[in-house]
Amino acid sequence: MNEAIRILRQEHRSISSVLHGLRELTRTAQDPAVRPDFSVLRAMIYYIDAFPERLHHPKENDVLFPRILTRAPAAAALVQELREDHTKGAELVRDLERALLTFEACWPYGGDRFSEVVSAYTNFHWEHMRKEEGALLPLAEVALSKEDWKAIGESFAGNDDPIADLREKDFAQLFSRIVAIAPAPVGLGRPWKQAVG
Ligand SMILES: [Fe+2]
Ligand SMILES: [Fe+2]
């Protein structure tokens, strides 16, 4: 597997583990006797929004997709679908943020709506990544030349973007913070306390 594909798959794993964590804690948050630590859920949703938007999708939209279209024009419909998914995903995150705000303001009410939106978003994003890993990346591996991969690898390494490396470190730190504050079984943070009264 070439380095660029390894990086994209690794980024999918990072997104996916936060999606799993969010799903799990949303289940925990359904207990009306335990007030969730909303800052954990907020940090997860921020990650799910910002990591793809700032770090991951630009690699696909601006670097990989255009080269695939040049080498394999038959992939145009698939690439278009994936681009539309990126736009739709950003809209669905807004639903997630709204549902979380309502849940926090109205707790213990609003948990069922939040859970519905979390399910919809996680299913959508997993399906999107499945399309990329199952259809797009295998196609790219066949269609792109060594020179293409070299150029893609250089772009991914941030050679043309001096602050890319900084962004990468910020997200790694945010990921560690989520692990530190999320309660078991998602992370190493303290369990959420029983609400008094
Ligand atoms: Fe994507
Ligand atoms: Fe992706």
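Reply: Let's start with a term: donors are N, O and S atoms within 2.8 Å of the metal (3.2 Å for Na, K and Ca), and water is not among the atoms, so sites may look incomplete. This is a predicted model, where local features need pLDDT of at least 70, side-chain atom pairs count only at pLDDT 80 or more, and totals for chains, interfaces and linings use all residues. Residues are numbered from 1 along each chain as its sequence is written, chains are lettered from A and ligands numbered from 1 in the order in which they are written, and side-chain values use heavy atoms, with hydrogens and water left out.

Now the site. The iron ion (ligand 1) is held by E60 (OE), H86 (NE2), H128 (NE2) and E132 (OE), at 2.0 to 2.2 Å. Along the chain, these donors follow the spacing E-x25-H-x41-H-x3-E. The angles that the four donor atoms subtend around the iron ion (ligand 1) run from 86 to 175 degrees, which makes the arrangement irregular. For reference, four donors count as tetrahedral if all angles lie between 85 and 135 degrees; four count as square planar and six as octahedral if opposite donors are over 155 degrees apart and all others between 65 and 115; anything else is irregular.

E60 lies in helix α2 (residues 38-71) and E132 in helix α4 (residues 111-143), so the pair ties together parts that are 72 residues apart in sequence. (Helices are DSSP runs of H or I, at least four residues, and strands are runs of E, at least two, numbered from the N terminus.) Both E60 and E132 are buried, meaning under 20% relative accessible area; exposed is over 50% and partly exposed in between, with a 1.4 Å probe and protein chains only.

H12 counts as buried because its relative accessibility is 1%. Leaving aside neighbours within four places in sequence, H12 is in contact (heavy atoms within 4.5 Å) with H56, E60, M129, E132 and E133. The side chains of H12 and E133 are joined by a polar contact of 2.7 Å. That term covers a pair of N or O atoms within 3.5 Å; within protein, one must be able to donate a hydrogen and the other to accept it, and residues adjacent in sequence count only if both atoms are side-chain atoms. Finally, H12 and W126 are 114 residues apart along the chain, with their C-alpha atoms separated by 9.0 Å.
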